[in-house]
Amino acid sequence: MKFMIVGKGGAETEAGTLPSQEVVDSMHAYNEALAKAGVLLAAEGLYPSSQGAQIAYSGGKATVIDGPFAEAKELIAGFWLIQVKSREEAIEWAMRVPVPPGSDGIGLDVWRVFDASDVPDDSLPADEREREQALRERLGVDTPGT
Amino acid sequence: MASDADDQPPARRGAETHRAIEAVWRIEAARLIAGLARLVRDVGLAEELAQDALVAALEQWPESGVPRNPGAWLMTVSKRRAIDLIRRNERLERNLIELGHRLGTEEDLPQVDEIEDDLLRLVFTACHPTLSMDARVALTLRVLGGLTTDEIARAFLVPESTAAQRIVRAKRTLADRKIPFEVPQAAELSARLESVLEVIYLIFNEGYSATAGDDWMRPALCEDALRLGRVLAGLMPEEPEVHGLVALMEIQASRSAARVSPSGEPVLLLDQDRARWDRLLIHRGLTALERAEKLGDGAPGPYTLQAAIAACHARALDPEDTDWAGIASLYEALAKLSRSPIVELNRAVALSMAYGPAVGLQLLDQIAGEPSLKDYHLLPSVRGDLLFKLGRREEARTEFERAADMTRNARERALLQERATACREAG
């Protein structure tokens with residue numbers, strides 16, 4: 001299953017202040033650990049919201065609101081997309097994010113990413129399960145062009 | 001003495017910690033076992049020691065909380081257990097002095113680079129050709145994937161006792177035959193690496209062919225295999241075929257959601273809704289393929305070639321845009337490495353798509369007599385399709401009927417019979 005670990009932004013990330021070399025290094029080591037464990041799918045850092053925009057809807061009409069946005073604590077500064085076995089594993093990895101000392105408040109969100117192939121089996125009715133069985137037999141051999 | 005995490009009845013108040021411990025295990029098991037195996041020079045014993053530490057964690061962490069560095073905690077406890085065990089276990093008596101010395105002088109946790117080397121040693125030991133394929137797969141999932149015996153059993157549709165036995169026997173074989181805990185030397189490396197890649201790809205295919213089986217453990221095997229492949233790519237960044245295998249698995253996995261219709265029927269590649277392909281996995285696959293091709297220096301291995309074929313499909317936003325000529329020549333290169341009738345059959349399909357049905361048919365006629373394809377319904381099925389396209393309806397009908405008789409799949413039989421009937425009507 002896939003999870004997105006979202007790093008929350010704040011006054012500093014909004015100001016575009018670059019983190020200390022120490023933080024950069026530990027972040028790099030963390031990303032490396034994720035990659036070496038085979039769980040990292042993608043990781044990106046985000047620019048301050050002044051470089052982005054929000055789209056608001058009212059009565060079916062869209063309005064573009066240019067950044068920066070007012071509520072800094074609702075902003076995000078970066079994310080990791082990981083593929084792990086369980087929600088607990090995602091949380092365990094999130095706990096290992098090297099958050100600089102002195103950071104207060106909610107620093108990270110862990111979101112489960114919807115995956116179209118994540119459909120649980122017990123959601124299948126009996127006749128579909130039967131079809132499933134046939135499918136499995138059929139896919140047991142590689143068919144041309146699959 | 002060894003026991004699975006899930007064999008322990010979880011304390012009610014500790015249920016949450018229990019799940020957290022499982023997560024820690026998933027992350028730490030391979031490195032822990034690898035580090036221990038270097039200390040005790042025995043993969044089986046290392047795995048048992050690691051399991052013991054896991055049991056200790058299950059006992060203590062619900063009370064004390066998960067420690068700040070759970071990996072180091074587990075390693076320290078395992079080492080302590082190792083010393084206890086040496087005192088009790090005659091099997092190790094002759095190694096006692098050497099082992100005691102090592103345990104006494106090593107740092108609590110081996111250095112990071114050392115752990116990387118240990119992990120690689122663990123990969124090669126778990127996939128050692130002296131073990132049966134079943135044993136290699138079970139042991140790899142256990143010591144590198146951190147899967148429990150129960151999970152392995154469910155994934156391979158065998159009783160738990162069978163899975164447990166495979167692991168026990170694998171560990172005993174390694175010990176009895178004194179298989180060294182090491183990365184093979186250059187001369188032996190490529191053959192041994194082949195076994196490692198084979199194990200990982202077999203695990204992947206076991207999950208991929210199940211797609212969405214009764215038990216969720218089976219499709220999850222694809223993720224296990226991908227994870228192992230990505231780990232291996234990190235450990236052996238200079239080996240082109242490792243990246244080739246990762247590329248192949250990433251691209252194949254990108255199609256998971258599109259391979260089955262909402263009603264549960266298989267959807268063949270050309271009929272798949274390409275919007276449902278996972279673009280991120282495709283991107284990762286193409287990147288890995290590029291790396292494999294660059295490292296391979298113009299002589300791609302079988303996994304890289306298969307990945308390149310998969311990439312031709314992945315790059316085509318529309319099935320019409322498929323580079324069939326490219327696919328045909330990749331199949332030709334693949335056939336040169338390991339000629340197989342299945343590869344030829346696939347090549348015939350590609351040739352017919354690129355240069356017309358007559359060209360494909362010509363190749364099919366060359367392999368028609370292959371004994372290994374005697375009962376393979378796709379041969380007459382493909383042949384029927386090409387004959388149909390050439391307007392040779394009567395011959396096509398015979399082929400479709402033959403294919404219908406050969407397939408064991410009721411749905412497919414119905415489809416082939418329909419096509420046979422259509423030949424008659426059209427003719």
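Biologist: How are H12(B) and H13(B) oriented to each other in this predicted model, roughly parallel, roughly antiparallel or oblique?

Modeller: The general idea is to take the angle between the two axes and see which class it falls in, where angles over 145 degrees count as roughly antiparallel. In this predicted model, the axes of helix H12 (residues 279–296) of chain B and helix H13 (residues 302–315) of chain B cross at roughly 140° and come within 10 Å, and H12(B) and H13(B) are therefore oblique to each other. The crossing in which H12(B) passes H13(B) is left-handed.

Biologist: Which residues of H12(B) and H13(B) make the contact?

Modeller: From H12(B) the contributors are Arg279(B), Ile282(B), Leu286(B), Leu289(B), Ala292(B) and Glu293(B), while H13(B) brings Thr304(B), Ala307(B), Ala308(B), Ala311(B), Ala314(B) and Arg315(B).

Biologist: How many disulfides does the structure hold?

Modeller: A disulfide is a covalent bond that links the sulfur atoms of two cysteines. Over all chains, the structure holds 0 disulfides. Cys127(B), for example, is in no disulfide, since the cysteine sulfur nearest to it, that of Cys222(B), lies 17 Å away, whereas a disulfide requires a pair within 2.5 Å.

Biologist: Is Cys127(B) buried or exposed?

Modeller: The cut-off for buried is a relative accessible area under 20%, and Cys127(B), having 1%, is therefore buried. Cys423(B) also counts as buried, at 2% relative accessibility.

Biologist: Where is Thr149(B) found, and what joins its side chain to that of Arg142(B)?

Modeller: Thr149(B) is found in helix H7 (residues 149–155) of chain B, and with a relative accessible area of 6% Thr149(B) is buried. The side chains of Thr149(B) and Arg142(B) are joined by a polar contact of 2.7 Å.

Note on methods:
Residues are numbered from 1 along each chain as its sequence is written. Chains are lettered from A and ligands numbered from 1 in the order in which they are written. This is a predicted model: local features need pLDDT of at least 70, side-chain atom pairs count only at pLDDT 80 or more; totals for chains, interfaces and linings use all residues. Side-chain values use heavy atoms; hydrogens and water are left out. Helices (H or I, at least four residues) and strands (E, at least two) are DSSP runs, numbered from the N terminus. Buried means under 20% relative accessible area, exposed over 50%, partly exposed in between (1.4 Å probe, protein chains only). A polar contact is a pair of N or O atoms within 3.5 Å; within protein, one must be able to donate a hydrogen and the other to accept it, and residues adjacent in sequence count only if both atoms are side-chain atoms. Axes are lines fitted to C-alpha atoms, for helices over the stretch in contact, and angles run from 0 to 180 degrees between N-to-C directions. Angles under 35 degrees count as roughly parallel, over 145 as roughly antiparallel, 65 to 115 as roughly perpendicular and the rest as oblique. A crossing is left-handed if the near helix is turned anticlockwise from the far one by less than a right angle, and right-handed if clockwise. Contact means heavy atoms within 4.5 Å.
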